Amino acid sequence: KLFTSRYKVLEQLHQKGIQLYIVSKNDQEDVETALRDLKLNKDLFTWIIANWDPKFVNIERLIRAAEIRPETAIFIDDNIFELNEVKTKIPAIHLLEAPNIDLVLSVPTVSSKKEQADSEIQERKNRYRTSIQTELLKETFTGSDIEFYRKLKRKIQIGLVPADNLDRAIRLLVETHRLNFSPGKFENYEKALDYIHQRFNAGDQVYAVATSEGEYSLGLVGALVIKIEKDVAIITDGSFSCGIIGRDFEQKTILALIDILKKQSIKELKIYFELTSTNVRLKEIVENLGFLIKQKKVDEKGNLHLVFDLEIKNYIT
């Protein structure tokens, strides 16, 4: 039976970019058939888990695989036993009885969210899907690490952004906090837009990074601003989406950039960034690639700024 009003709530949540999952005590094939018979949009849901395990077991797997914080999740069900069992096993999760599903729209973190573009919703959904797919594959994969990563089929594309197509790259610089080279530098979109246009006019370059994993496109996930001084390239600003953390896309991006710069007769690559507790991973990434710290500076606010350097002329990627 389709409860139209409940389905409309799910559609509203989806349009706000909130991830929806089905956890069902059924055979997978029966769930797929029900979705077709009821003419429901399967793509509304990021992932579907259907088996006969206790629901709390599947929810725990989902939380782990998608890297969801339990306190940010809401479990909706029309069975009081299921609700109570899940709450007992996962105390931090929030519960909501299915007949009251419309109440979720009044939760401040939900009501404050604006509707998002379909392309952004799809890209974010794909990032969660690939994360879940990877974790579930790990549970059963018996080959070597190299074979495992090959099976994931992770790819990146990196290229210069033309001046008339800067919007998404600029928003990455403004909105991304965890892997931002200059956290807090851009207070808003307009300030970032002015800054980037000034850099363009000065002859600097902006690179965008798009990624995919298997069948899923993850969209634009990174942006780098580069200044060229004779045969030296300097990454002065940049960011990577939180959705790709831990998938080695950051390393692949820098290696791909090195190949591009070498073709331009660049001999040296420097990376500037402010070190914070949230972007400490950047330091680990560049050090693992062979970059060395050439300069440290503490600003008037006590923030630590680092300059990393790598001779790339004969660097083998």
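Residues 24 or more positions apart account for 65% of the contacts in this chain with a separation of 6 or more, a contact being heavy atoms within 4.5 Å. The model is predicted, so to speak of local features takes a pLDDT of at least 70 and side-chain atom pairs count only at pLDDT 80 or more, while totals for chains, interfaces and linings use all residues. Residue numbers start from 1 along each chain as its sequence is written, and side-chain values use heavy atoms, with hydrogens and water left out.

**Overall layout**

There are 11 helices and 11 strands in the chain; these are DSSP runs numbered from the N terminus, with helices as H or I of at least four residues and strands as E of at least two. The C-alpha trace spans about 70 × 45 × 35 Å along its principal axes. Of the 317 residues, 44% are buried, where buried means under 20% relative accessible area, exposed means over 50%, and partly exposed lies in between (1.4 Å probe, protein chains only).

Seven strands make an open sheet in the order 5-6-7-8-9-11-10, and the pairing is mixed. From one strand to the next, the twist averages 25°. Two strands are called paired if DSSP finds at least two bridges between them. Strand 5 and strand 6 (residues 205-213) do this in the antiparallel sense over seven bridges, and I156 sits opposite T211 of strand 6.

Helix 11 (residues 280-288) lies across strand 8 (232-240), strand 9, strand 10 and strand 11, and runs at about 160° to strand 9. That angle is between N-to-C directions on a scale from 0 to 180 degrees, with axes fitted to C-alpha atoms, for helices over the stretch in contact.

**The core**

The largest nonpolar core has 32 residues, and I271 and F291 have the most contacts inside it. Such a core is a set of buried Ala, Val, Leu, Ile, Met, Phe, Trp, Tyr and Cys residues joined through side-chain atoms within 4.5 Å. Elements giving it two or more residues include strand 6, strand 7 (216-229), helix 10 (249-263) and helix 11. Helix 10 supplies the largest share, five residues.

E274 is buried yet has no salt bridge, and the nearest side chain of opposite charge, K301, is 8.2 Å away. A salt bridge here is a side-chain nitrogen of Lys or Arg within 4 Å of a carboxyl oxygen of Asp or Glu; Lys and Arg count as positive, Asp and Glu as negative, and His and the chain ends are not counted. D309 is buried too, with a relative accessible area of 7%.

| Residue | In contact with |
|---|---|
| E274 | F181, P183, N279, N303, L304, H305 |
| D309 | E268, L269, K270, G290, F291, L292, K294 |
| F291 | I254, L269, I271, V286, F308, D309, L310 |

E274 belongs to strand 9 (residues 268-275), and D309 to strand 11 (residues 304-311).

**An enclosed strand**

Five of the five residues of strand 2 (residues 47-51) are buried, so this strand is largely enclosed by the rest of the structure. W47, I49 and N51 cover one side, I48 and A50 the other. Strand 2 pairs with strand 1 (residues 21-25) in the parallel sense over five bridges, and N51 is the bridge partner of K25.

Technical notes. Lists of a residue's contacts leave out its neighbours within four places in sequence.
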